[in-house]
Amino acid sequence: RECRIADETGSTVPVGTVGELLVRGPGIMKGYYRKPEANQAAFCGDWFRTGDLFRQDDRGYFYILGRTKDTVRRSGENVAAREVESILLEIPEIAETAVVPVPDDLRGEEVNAYLVLQPGLTQSDLPPERVIDYCKAKLAVFKVPRYIEYRATPLPRTESGKVSKPSLLREKSDLRSSS
C-alpha cells in the first residue's frame, strides 16, 4: 500500500506537518454501495481518507497522533487532542486528562484541558502555571492549553472505557467557566 499525509483539501503536506493519513492500493475498499456522498467524503481521488492524524519524519516513519474528529482547530492549525493529553500525562501529579475544543471568537477554537490529579493532591500541588510551563517546553506554542479545569471526580467514560468527550462537552454551556 501507499501512504501519504494530506491537508483538508487532499494536498500532501511537508514532512513533519500534521495531517490526515491517506492510503491506496490493493485491499482498500472501492467505495460505499449506492452512497455517493459517503464516497465523496471517504475518498480523495483513489486515496482513502483514514480519519487518523499522522505526521511523517524525515526518515519516512509515520506517527499516529489521534483522530481528525478529536482535534482542536486553533487559528488554522490542527491540534491533536491525543498529543496534548500524552504530554500532560507525563506530569506525575496528573492521573487522567482529556483535551477538548472550546469556541473562541479570535482563533476559532482554543485548547481546554481537564485534569484529574492523583489521589490526595489538589490544585495547589500542581498549579496551572506549572502545567503551562511544562507544556510550553514540550509542545508548539499553539498546542499549549489555554484553559485548564481541575476535576475532583473521574472523567466520564464510555462503555468501552474511553473518556466520553461528548459528555464533557454537554456538562455546561460555557466550557471556559471553572477553568
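Author: The side chains of glutamate 8 and arginine 73 form a salt bridge, with N to O at 3.4 Å; the term stands for a side-chain nitrogen of Lys or Arg within 4 Å of a carboxyl oxygen of Asp or Glu. This pair links distant parts of the chain, 65 residues apart: glutamate 8 is in the loop between strand 1 and strand 2, and arginine 73 is in strand 6 (residues 71-74). Strands (E, at least two residues) and helices (H or I, at least four) are DSSP runs, numbered from the N terminus. Arginine 73 has a relative accessible area of 32% and is partly exposed; buried means under 20%, exposed over 50%, and partly exposed in between (1.4 Å probe, protein chains only).

The model is predicted: local features need pLDDT of at least 70, side-chain atom pairs count only at pLDDT 80 or more, and totals for chains, interfaces and linings use all residues. Residues are numbered from 1 along each chain as its sequence is written, and side-chain values use heavy atoms, leaving out hydrogens and water.

A second pair is glutamate 96 and arginine 157, whose closest N and O atoms are 2.3 Å apart. Here glutamate 96 belongs to strand 8 (residues 94-104), while arginine 157 is in the loop between strand 10 (147-151) and helix 4 (165-170), 61 residues apart. Glutamate 96 is buried at 13% relative accessibility, whereas arginine 157 is partly exposed at 44%.

The whole structure has 15 salt bridges.
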